Amino acid sequence: MKNIICCFALIMSTLGCSQNNKNEKMNSIKEKVNKLEKYNNEPVYQLRINTPNSFTVFINGIPVANKYVNYLNSYLSEINSCIPQKGEQTIEIQIHPKYLNSSEQNENLENDINFELKIEETSWKDGSLTPPKVVYQYNLPEGDYTNKKVFIHKAKFQASPPYKLIDWREGKSFNIKDSVALKKNLLKAYENLKSNFENQHGEAYMDLLGDGLFNLYQSSYLDKEEVQKHINHRISFINEKPRKLSEIENYNLEIFGDGKLASLIRIDGFNKNEGVIRRYYNKGNQKMVQVDDIIFYIPKNSVKENDLQVIWHRNIVKGANP
């Protein structure tokens, strides 16, 4: 009888390990790639902004556009990864005072601010983008804004992508009242990413970015072969040799997207509103920084209270100094 019990326990243990391995495989980014789809109609949505002022623009809760420098008056970015499915979308525009130089910013907004924003729909045809169609436009009205530190405008617009991304709007809401615990758990999640990168665990690092990478790849309409090449290249780069990331510092906890998105973002001048996973390196005589902008959410079907998952990811490369 004792031998039967031991044998049963061993079988159950083996089955448990097998199930865990199966779940881990299903959650790997290489497995997620198999779910990518291609479409006959693949619209591209672009955000175009012209202004000398600082700003942050949220699309469906994602802070996709940021400018906190005294140059780059024209801004253009693709925003498909912020549009989880067709239908009504939300936009929030936050306009802040100008930067006078690399470190000084006006305390208040100015008179008659020039701020023009467009969301355009286009698509690729024969290697070029077709003439864009404007689906939303906003110009800040003329006026005296000198008594304001920030101007906020909210609106809605329609978009019709063919895909359906993993939708953060369906995720669980964070407990904003316990922000100290959330900040601590988020820091652990970022430190786990940092540790995997620095210890040359490239595949584990990419798997942790899983849903964020899937949404990025699907919304970019990349085919599976292109995606696999990108994943393998990033894994090889991480595994090639030890590379140090910068310390996680100068950050605040930010909760957005109606309380369903959370991130640690930098608060220091030239790096303001950027991610905390950062790698500095030299390119010729110029010092560069590569930033992984990462946003977390909790899936709606998660049984764990703090099941933080990456839902949005963007890689930025820029000069390290203004």
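A: Start with helix 3, residues 179-198: at 1.5 Å a residue its 20 residues should span 28 Å, and its end C-alpha atoms are 28 Å apart, which agrees. The expected span here is 1.5 Å times one less than the number of residues. Helices (H or I, at least four residues) and strands (E, at least two) are DSSP runs, numbered from the N terminus.

The model is predicted, so local features need pLDDT of at least 70 and side-chain atom pairs count only at pLDDT 80 or more, while totals for chains, interfaces and linings use all residues. Residues are numbered from 1 along each chain as its sequence is written, and side-chain values use heavy atoms, with hydrogens and water left out.

The buried residues of helix 3 are L182, L186, A189, Y190, L193, K194, N196, F197 and E198. Buried means under 20% relative accessible area, exposed over 50%, and partly exposed in between (1.4 Å probe, protein chains only). An α-helix has 3.6 residues a turn, so residues three or four places apart point the same way. Contact, here and below, means heavy atoms within 4.5 Å. Just after the helix, Q200 has a positive phi of about 65 degrees.

S263 lies in strand 12 and is buried, with a relative accessible area of 4%. Its side chain makes a polar contact with the side chain of Y190 at 3.1 Å, and Y190 is among the buried residues of helix 3. A polar contact is a pair of N or O atoms within 3.5 Å; within protein, one must be able to donate a hydrogen and the other to accept it, and residues adjacent in sequence count only if both atoms are side-chain atoms. The S263 side chain also reaches the backbone oxygen of I294 at 3.0 Å. Leaving aside neighbours within four places in sequence, the contacts of S263 are L186, Y190, N252, L253, E254, F256, I294 and I295.

Nine of its ten residues are buried, so helix 5 is largely enclosed by the rest of the structure. Those buried are G210, D211, G212, L213, F214, N215, Y217, Q218 and S219. Among the elements that cover them are helix 2 (29-32), strand 4, helix 4, helix 6, strand 14 and strand 15 (309-319). Just after helix 5, Y221 takes a positive phi of about 60 degrees.

Y163 leads back to this helix. Y163 sits in the loop between strand 10 and helix 3 and is buried, with a relative accessible area of 2%. Beyond four places in sequence, Y163 is in contact with Y39, N80, I83, P84, Q85, Q218, S219 and Y221. Its side chain reaches two backbone oxygens, that of N80 at 2.9 Å and that of I83 at 3.2 Å.

Now the sheets. Strands of a sheet pair through backbone hydrogen bonds, either parallel or antiparallel. Two strands count as paired if DSSP finds at least two bridges between them. An open sheet of four strands has the order 3-2-5-10, with antiparallel pairing. Strand 3 (62-67) and strand 10 (151-159) are its edges, each pairing on one side only. Strand 5 (residues 87-96) pairs with strand 10 over nine bridges, and G87 has A159 as its bridge partner in strand 10.

Another open sheet of four antiparallel strands has the order 4-1-6-9. Its edge strands are strand 4 (74-78) and strand 9 (133-139). Within this sheet, strand 1 (residues 44-50) and strand 6 (residues 116-122) are joined by seven bridges, with V44 partnered by T122.

Last comes confidence. The mean pLDDT of the chain is 91, and 92% of its residues reach 70 or more; pLDDT is the predictor's confidence in each residue, from 0 to 100. Residues 2-15 have pLDDT below 50 and zero contacts in the model beyond near neighbours in sequence. For residues 17-24 the pLDDT stays under 50, again with zero contacts beyond four places in sequence.
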